Amino acid sequence: MSRVTEIRYVGYGVKEFDAEKTYYSEVWGLEPVGEDQNNAWFKAQGHDEHHVVQLRRADENRVDVIALAADSRADVDSLRARVADAGCQIASEPADLTSPGGGYGFRFFSPDGLLFEVSSDVAKGSKRELAHWEGVPVKISHIVLHSPNHQEAVKFFCDVLGFKVSDWLGDFMCFLRCNSAHHRIAILPGPACLNHVAYDMLSVDDMMRGAHRLKIKGIDISWGPGRHTAGNNTFSYFVTPGGFVTEYTSELEEVDFDMHEFKVHKPAPMVMDQWGIGVGGPQTMPHPHVNPGLFKTPELAGEA
Ligand SMILES: [Fe+2]
């Protein structure tokens with residue numbers, strides 16, 4: 001079955017365009033790979049994905065688009081058909097993309113109104129071997145979304161986009177995989193919006209060294225460091241100047257995509273964080289609010 005196989009990038013509209021640019025390049029540890037007056041793109045240095053963050057100068061802070069990968073143009077076409085059959089609004093039909101990295105893709109609004117892109121054949125970017133203690137991201141690990149109909153959203157990601165359930169936390173947080181990583185997307189109840197984007201670090205040491213860089217630049221951990229139970233990954237959460245949450249993570253569990261069977265973890269403090277020594281908690285994270293511009297296409301770069 002044609003399905004989504006990876007996360008590519010997240011596009012944001014930001015009021016604090018310059019501050020957000022500085023955050024991703026000088027603080028978070030991504031590499032700028034293109035810029036014009038109103039847009040900027042950044043890649044993770046440890047992986048050949050063309051870019052992982054797209055920033056757009058905007059008059060409000062919002063998520064513009066979440067880009068997912070499919071393996072071939074035929075898969076893109078077949079996913080377009082499935083998404084339309086599921087009743088989703090197609091925002092742009094499959095075509096050669098004019099955004100940086102090109103490729104072939106289409107865009108649609110999720111049942112909640114967030115804009116998604118599915119693409120294949122995007123140009124590869126540069127990649128280098130990161131060294132222990134560099135403390136910069138290897139790649140995007142996962143994204144977490146809120147949905148006002150989270151059970152329905154889980155069904156949509158599985159039945160339409162081909163994800164599989166890897167674990168539940170109680171009946172409110174679902175972890176979904178699209179490859180051998182335990183999760184690439186997780187879904188929580190709440191208003192339609194992004195909760196956070198996590199970036200893989202080479203090791204726990206690299207997560208801590210990254211946290212050190214943020215600390216000396218004046219940004220403290222909002223929650224962490226800790227280690228979740230679902231996926232067994234370490235975590236440290238930080239808030240960008242624009243109010244978006246980014247996470248350093250490491251050691252996310254690898255599973256068999258076809259065979260892994262999900263468990264239901266009983267929510268408890270030492271399940272949310274098996275270390276129990278960090279600062280903060282879910283209560284110190286920004287409160288989710290509905291993403292502005294649901295079911296509206298932002299003015300993305302490279303489009304007429
Ligand atoms: Fe996370």
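Mentor: Along the chain, the donors of the iron ion are spaced as H-x53-H-x50-E.

Trainee: Which residues are the protein donors of the iron ion?
Mentor: They are His142 (NE2), His196 (NE2) and Glu247 (OE), which lie 2.0 to 2.2 Å from the iron ion. Donors here are N, O and S atoms within 2.8 Å of the metal (3.2 Å for Na, K and Ca), and water is not among the atoms, so sites may look incomplete.

Trainee: Where do His142 and Glu247 lie?
Mentor: His142 is in strand S9 (residues 139-147) and Glu247 in strand S16 (residues 245-250), so the pair ties together parts that are 105 residues apart in sequence. Helices (H or I, at least four residues) and strands (E, at least two) are DSSP runs, numbered from the N terminus.

Trainee: What should I know about the model itself?
Mentor: This is a predicted model: local features need pLDDT of at least 70, side-chain atom pairs count only at pLDDT 80 or more, and totals for chains, interfaces and linings use all residues. Residues are numbered from 1 along each chain as its sequence is written, and side-chain values use heavy atoms, with hydrogens and water left out.

Trainee: OK, domains. What does the assignment give?
Mentor: Domain 1 (4-120) and domain 2 (139-283), with bounds that come from an automatic or database domain assignment. Their centres, taken over C-alpha atoms, are 20 Å apart.

Trainee: How many residues of each are in contact?
Mentor: 39 residues of domain 1 are in contact with 37 of domain 2, contact meaning heavy atoms within 4.5 Å.

Trainee: And what area do domain 1 and domain 2 bury between them?
Mentor: About 3,000 Å², 71% of it on carbon and sulfur atoms. Buried area is the accessible area (1.4 Å probe) that two parts lose on being put together, summed over both. On the domain 1 side, Ile7, Trp28 and Asp112 supply 22% of the area buried against domain 2, more than any other three residues.

Trainee: How many salt bridges are there between domain 1 and domain 2?
Mentor: Two, while the structure holds 14. A salt bridge is a side-chain nitrogen of Lys or Arg within 4 Å of a carboxyl oxygen of Asp or Glu.

Trainee: What does Arg184 pair with?
Mentor: Arg184 forms a salt bridge with Glu6, with the closest N and O atoms 2.7 Å apart. That pair links distant parts of the chain, 178 residues apart: Arg184 is in the loop between strand S11 (173-177) and strand S12 (185-189), and Glu6 is in strand S1. The side chain of Glu6 also meets that of Lys139 in a salt bridge (3.5 Å, N to O).

Trainee: Changing topic, which peptide bond is cis?
Mentor: The one from Gly224 to Pro225 is cis, with omega near -5 degrees. Pro225 sits in strand S14 (residues 223-227).

Trainee: And what about the phi of Trp133?
Mentor: Trp133 has a positive phi of about 85 degrees, although it is not a glycine. Trp133 lies in the loop between strand S8 (115-120) and S9.
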